Amino acid sequence: MAEPEPAAQDKGRGLRRRKFLTFLVAAPTLTVAGRFGFDALTEASAVPSLPSLEEVADLGEVIRLASMPTTHLMVLEVTEDTRVRFELPRVEVGQGISTSIAMVLAEEMDARLDDVDVELADSRPALHFNQITAASTTMRVLWDPVRRMAADARARLVNAAAKQWDLPAERLTTNDSAVHAPDGRTLSYGELSAAAREESGNGEPKPASEYTVVGTPVTRTDARDVVTGKARYAMDLNIEGALPTVVARPPTINGTVGAVDDAKARAMPGVVAVTEIPTGVAVSAETFYDAIRAKDALEISWNPGPIDNVSDSDIRKKLKNASHPLAAPKLRGRHLDASFDFAFVNHAPMEVESAVASVPGDGTAEVWMPSQTPIWAQGAIATELGLSRDAVAVHVTRAGGSFGRRLFADVGLEAARVSQAIGRPVKLMRTREDDMKHGRMRPAYHQKIRASYTKGEVLSFEHRVTGVGLDFDHGLGEALTSTLAQTVEGGASQYYFTASQSMPYHVGIVNHTLQEVRLDIPTSSFRSVFSGTVRAAEEVIMDELAERMGKDPLEFRRQVAKADSGKAVLTKVAEVAGWGRKLPPGHALGVGYHSEYRSHAACVVEINATDKANPRVTKAFIAADVGQVVNPKGLEAQLMGATMDGIATILQAGVHIDNGAVRESSYGDYHWTKQGDSPTRFEVHLIRTDWEPGGAGELALPAAAGAVANAYARATGTRPRSFPINH
Amino acid sequence: MPKKHTFRVNGEQVQVDADENMPLLWVLRDKLGITGPKYGCGVGLCRACTSHLNGDEIQPCVVPVSECQGQEVTTIEGLANGDELHPVQQAWVDADVGQCGFCQPGQIMAAVSLLRRKPKPTDADIDAIENMCRCGTYPRLRAAIKEIAGIPTDPPGNGEPPKGPPGDKPPNGKGPDGKGPDGRPGKQPRQDDASSAEGEQSGEKESGGLFDGIKSAFG
């Protein structure tokens with residue numbers, strides 16, 4: 001049992017907090033995009049498209065603005081033993097932000113990277129909207145405040161040394177976590193920490209030309225913990241007395257508990273408690289083995305769920321019927337009409353949704369869970385338990401993958417309810433089957449596109465996106481609706497769509513719309529959110545337009561790409577992939593391009609689709625421009641992972657709904673990319689520019705998805721319209 | 001009924017009271033506090049719990065504890081020799097294989113087992129590794145295994161002789177009005193961007209080796 005602590009806000013910090021220098025620096029600085037718009041047309045054969053909202057002020061910019069007022073509350077500490085400690089108000093889900101932030105701190109402080117400890121901050125409501133991990137914004141939002149904070153810290157340490165040595169600060173230098181005098185004297189940051197507390201100092205972040213850490217390839221700071229099994233996820237924490245807990249869940253989505261006979265289960269070895277909760281019946285026991293066995297022995301009659309009579313075909317029909325008709329005017333050219341269907345997609349992170357909760361009955365609660373929106377989770381859990389928000393602490397644990405699955409607090413709520421009911425701490429874990437059958441999913445979509453064109457140019461591009469409602473009732477949704485989203489009819493989802501969807505090409509009049517159909521199915525944003533389907537479909541149409549106009553698909557994209565950076569990544573990827581080379585029948589190259597998050601990625605894949613039912617992407621090449629690269633190794637990893645997601649969602653992994661139930665139950669029938677499905681050659685080529693860091697965690701998915709679909713189409717001579725192709 | 005089971009885990013003798021059908025995974029995690037092997041599916045599919053029984057690969061989520069009687073179990077925690085990492089662990093660090101890291105204990109134990117059975121695995125052998133990695137770090141997994149095996153790999157590239165890009169020259173990073181590229185906040189691009197867009201690759205991984213097949217470069 002966790003020991004009681006007086007102030008919930010300091011829970012989890014009390015033990016390790018020894019009072020040394022704590023910087024509370026980095027005044028918020030408001031920077032607004034310096035330049036809007038797009039490059040002037042340089043190609044003759046393109047009809048210009050107006051800039052979209054995404055190009056003017058995209059979602060990341062809004063999240064940055066929402067985060068700005070509280071960036072000064074972030075905490076950087078220098079301890080007497082020269083540890084630079086930063087509480088990162090984000091969650092590490094594998095995307096490498098702990099390493100990248102450590103690099104930025106080391107760079108601007110002239111500290112050794114090994115001396116920097118980046119820890120995940122507990123939920124801190126004072127941070128308001130600056131504790132949300134989403135939309136590829138972490139480095140975009142934190143880049144400037146963190147380096148300013150670090151530069152200020154360095155200035156204060158230098159000033160402290162200057163005072164001690166009675167030397168002008170300008171004559172002192174810093175490196176290796178120490179300040180050096182011209183005569184060779186040295187004081188470590190630890191030795192200066194206490195004195196620096198009394199100093200002021202405004203440091204200027206370094207110019208990029210002086211970087212020695214940022215931009216260099218750095219291995220993840222947690223690599224050793226990972227390979228030795230020491231990395232701790234929620235279920236690995238040793239919270240005293242926490243009882244392994246699993247939940248018997250209904251056979252269909254959102255079904256409810258009818259009658260329960262738990263006599264047999266309660267009599268089974270190791271069982272401590274059986275608790276009915278809104279989502280099922282929880283069994284807490286001495287071990288997960290005991291809990292799972294007893295769960296299976298429960299006799300429960302279930303009430304039907306709200307969609308028990310609904311299957312995939314019904315959902316497709318609903319979406320199709322709700323879809324607004326295409327309305328593009330018949331201009332002087334011809335039309336290409338197409339409609340696409342995308343299945344539900346389960347995030348299926350390796351770590352099933354899990355949380356530890358301790359609700360001892362003294363008016364407080366503690367929850368340990370990987371959360372993308374811990375402040376919101378804290379509030380939701382407090383409301384659920386009938387406690388004040390300040391009495392609840394949410395300790396953010398590293399996640400075994402997320403892909404959008406950790407935006408909600410579902411298991412945190414379940415664990416808290418059970419713990420409150422039985423008065424003991426619990427570690428609640430979904431089984432894989434729970435995670436597949438009741439986990440949130442990327443919504444299914446029906447999308448219609450009409451492009452009108454003449455022989456040489458595209459005149460209009462209309463895209464009607466109709467999907468099952470995407471649940472935004474979480475912290476990010478709150479941030480959006482509290483900032484700008486209320487100005488858009490339809491709330492956070494519509495706002496997110498509008499602020500993220502942009503056609504990166506000059507294709508005349510562009511018209512994107514989103515319609516959502518309410519259906520009681522649990523959903524959550526999936527990596528790339530709308531772009532994962534919307535832009536993939538558009539990339540397929542770009543290929544078909546090129547074909548109709550007798551153009552090479554890659555060259556066509558280069559001609560009409562709005563951004564010079566887009567043209568550059570397309571050029572680069574064509575070169576490295578050997579675009580245009582001859583391949584045997586059944587094999588083909590495919591291209592895709594995507595721009596979002598102020599970044600650009602072009603992808604070319606080679607596919608072997610001689611067996612249409614078992615196609616294999618054999619090679620993948622990505623060229624990307626993400627502005628200033630913080631960690632090229634981390635960036636490469638993100639582009640790699642998003643490529644694998646593109647392969648899975650286009651070729652092989654989708655969820656089926658049969659009479660209100662998810663058909664798939666595990667990785668055996670949910671065919672996510674495995675080693676045998678992955679390309680044996682994967683190359684990333686970065687185009688180096690000095691723009692501020694753009695987002696990169698989701699960037700490659702739409703480009704890769706488009707490339708895979710197009711390669712499959714070319715290899716098989718088909719026109720893929722329903723994804724995954726082998727559903 | 002619970003029985004006493006005596007076996008060795010990572011070189012140490014242990015004795016646990018457990019139902020004979022209790023999967024080794026839960027014995028390790030819930031009774032012995034050994035949390036390196038992860039639960040990912042419970043039915044031997046994802047293989048995040050992969051460990052060794054007498055040196056052979058097993059999925060502890062589907063091995064009853066009774067089968068371990070008198071045997072030697074090795075988990076990820078028992079692979080290193082004190083502070084000295086096992087060569088496969090070291091190769092994993094060198095190749096920066098992990099992302100979220102959750103599957104990596106199992107991936108490493110599977111790779112150790114593969115390399116014991118087949119010191120020079122083929123691509124088909126590597127393809128046959130069933131361990132799920134939802135972050136999709138497969139190319140780095142492949143590269144790390146090949147590096148340990150000392151397998152000479154193809155030179156980087158697409159398998160074709162170098163060939164120029166289609167169409168005209170790449171843009172110079174500036175519009176005709178001399179302004180910078182697309183509407184992104186931030187500094188103006190460096191002067192050398194134009195040439196770097198088509199210039200020589202000078203990335204750190206050009207030497208191939210560990211990173212063969214996942215070459216990165218600043219183009």
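**Exercises on a predicted model**

From the N terminus on, the elements of chain B follow the order β-β-α-β-β-β-α-α-α-α-α-β. The model is a predicted one, so please keep that in mind as you work through the exercises.

**Exercise 1.** Work out how many helices and strands chain B has, and what share of its residues is buried.

*Solution.* Start with the element order above. Counting along it gives 6 helices and 6 strands for chain B. Next, turn to burial: of the 219 residues in chain B, 51% are buried. Finally, look at contacts in chain B between residues at least 6 apart in sequence: 58% of them join residues at least 24 apart.

**Exercise 2.** Decide whether A:Lys562 is buried or exposed.

*Solution.* First, locate the residue: A:Lys562 sits in the loop between helix 16 (553-560) and helix 17 (564-577) of chain A. Then apply the cut-off, which is 20 or more other C-beta atoms within 10 Å for a buried residue. A:Lys562 is buried because 27 other C-beta atoms lie within 10 Å.

**Exercise 3.** Find which residues lie on each side of strand 28 of chain A, and which strand pairs with strand 28.

*Solution.* Now for the partner: strand 25 (residues 616-625) of chain A pairs with strand 28 in the parallel sense over 6 bridges. Within this pairing, A:Ala620 has A:Phe682 of strand 28 as its bridge partner.

Note on methods
Residues are numbered from 1 along each chain as its sequence is written. Chains are lettered from A and ligands numbered from 1 in the order in which they are written. This is a predicted model: local features need pLDDT of at least 70, side-chain atom pairs count only at pLDDT 80 or more; totals for chains, interfaces and linings use all residues. A residue is buried if 20 or more other C-beta atoms lie within 10 Å of its own, exposed if 12 or fewer, and partly exposed in between; C-beta atoms are placed from the backbone. Helices (H or I, at least four residues) and strands (E, at least two) are DSSP runs, numbered from the N terminus. Two strands pair if DSSP finds at least two bridges between them. Two residues are in contact if their C-beta atoms, placed from the backbone, lie within 7 Å.
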